Amino acid sequence: MKAASDSKPVTGKKHQFIRGLHNLRPGHRGCVATIGSFDGVHLGHRAILQQLREKSAIYGLPSVVIIFEPQPQEFFSGEQAPARLMRLREKVEALVSEGVDRVLCLQFNPSLRSLSARQFIDRVLIEGLDVRCLVVGDDFRFGHDRSGNDQLLRQVGEQQGFDVIDTHTLQYGSERISSTRIRQVLEVGDFALAETLLGRPYHITGRVVYGQQLGQQLGIPTANVQLYRYRAPLSGVYVVEVLLEGKRLPGVANVGVRPTVGDLIKPVLEVHLLDFDQLIYGQRIHVEFKKKIREEQTFDSLEAMVTKIHSDIALARQYFAEV
């Protein structure tokens, strides 16, 4: 399988990341596909992906997940959109880990937004991908003003020769598993329930960047990770475990805008690794959240802030001593 000339392979030869319809090539036609935001790639999403893999094997065709960037809610609501559970790179990596052959990322812009549901089917599913089977959630809506649904897909599928498979909503307890529910769970710091709904611990992955070096000056060095979003699904101080070069390291992290210093608009993740003094700038770290310690606070002085941070570190040490 040959990647499009300006498409970026995600990993290995089998998996492909294709950005935009203009990067589709004749070799990409003929597939089994699904469509959605897939924010978090939670258990509900995985049920859809399992069905996608099964149909891919039956049809003997590659599996494709169609996603959007920005996510539609971000396009319409901007800074007021719900916080992302994961960045695009994390999402693509999670989809690939679930055995998806290709990820097609469409830019959600005024042009795409203006497509009617039938135009979307024609341009993306038929002309672009020649979809032979489409797997969708039972609440799937698409096209201008969300006018398209599974009934329209079935009607067109019968005419054009592709099948449409519905997947049923997955529930835990009495509630649907959804990205919205996971955001609510993370907001109250229930990481055990978040792990159950996601099928894995909630984490943020990113590259360590240079900050203003304030933590170093205060004797509490931090590894800073830019979140590249207006809002994060978490805010506050947490006990974390960091995966770095195959090792798990204990730490304490702050997610927020540093109100005492007052230098941020967008949130950043700052991690202090316990008993660790290596320079790791430029390295990617995987940060798993274990327990919320407190909300982000504004302090009257740097001295008061440092005292509180040392208290946070002590609580993190206590947590790891007891687990």
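**Pockets, cavities and strands in a predicted model**

Good morning. The largest pocket holds about 1,100 Å³ of space. This is a predicted model, in which local features need pLDDT of at least 70 and side-chain atom pairs count only at pLDDT 80 or more, while totals for chains, interfaces and linings use all residues. Residues are numbered from 1 along each chain as its sequence is written, and side-chain values use heavy atoms, with hydrogens and water left out.

A word on terms. On a 1 Å grid over the protein atoms alone, a pocket is an open set of points with protein on both sides within 12 Å along at least five of seven lines, a cavity is a set where a 1.4 Å probe fits but cannot get out, and lining residues have an atom within 4 Å of a point. Grid points are joined across faces, edges and corners, and a volume is the space filled by probe spheres set on the points.

The lining of the largest pocket comprises 40 residues, with Gly36, Ser37, Phe140, Arg141 and Arg146 nearest its centre. Helices α1 (43-59), α2 (72-77), α4 (110-113) and α7 (179-187) each contribute at least two lining residues, and α1 gives the most, with four. Helices here are DSSP runs of H or I with at least four residues, and strands are runs of E with at least two, numbered from the N terminus. By class, this lining has 15 nonpolar, 16 polar and nine charged residues; Ala, Val, Leu, Ile, Met, Phe, Trp, Tyr, Cys and Pro count as nonpolar, Asp, Glu, Lys and Arg as charged, and the others, Gly among them, as polar.

About 510 Å³ lies in the largest cavity. Its lining has 30 residues, and Thr222, Asn254, Arg258, Glu270 and Ile309 lie nearest the centre. At least two lining residues come from each of α9 (214-217), β12 (247-256), β13 (268-273) and α10 (302-322). That lining divides into 14 nonpolar, eleven polar and five charged residues.

The second largest cavity holds about 60 Å³. Among the residues that line this second cavity are Gly40, Met86, Glu90, Arg200 and His203. Five residues of its lining are nonpolar, two polar and two charged.

Next, the barrel. Six strands close into it in the order β9-β10-β13-β12-β11-β14, with antiparallel pairing; two strands pair if DSSP finds at least two bridges between them. Neighbouring strands of this sheet are turned by 45° against each other on average, direction ignored. Helix α3 (residues 88-97) packs on the sheet, touching β9 and β14 (284-294), and its direction makes about 130° with that of β9. Contact means heavy atoms within 4.5 Å, and axes are lines fitted to C-alpha atoms, for helices over the stretch in contact, with angles from 0 to 180 degrees between N-to-C directions. Between β9 (residues 203-209) and β10 (residues 223-226) there are two bridges, and valine 209 stands opposite asparagine 224.

Finally, strand β2 (residues 31-35). Five of its five residues are buried, meaning under 20% relative accessible area with a 1.4 Å probe and protein chains only. Cys31, Ala33 and Ile35 lie on one side, and Val32 and Thr34 on the other. β2 pairs in the parallel sense with β5 (residues 131-137) over four bridges, and also with β3 (residues 63-69) over four bridges. Alanine 33 has leucine 134 as its bridge partner in β5 and valine 64 in β3. Thank you.

How values were computed. Buried < 20%, exposed > 50% of the residue type's maximum accessible area, 1.4 Å probe, protein only.
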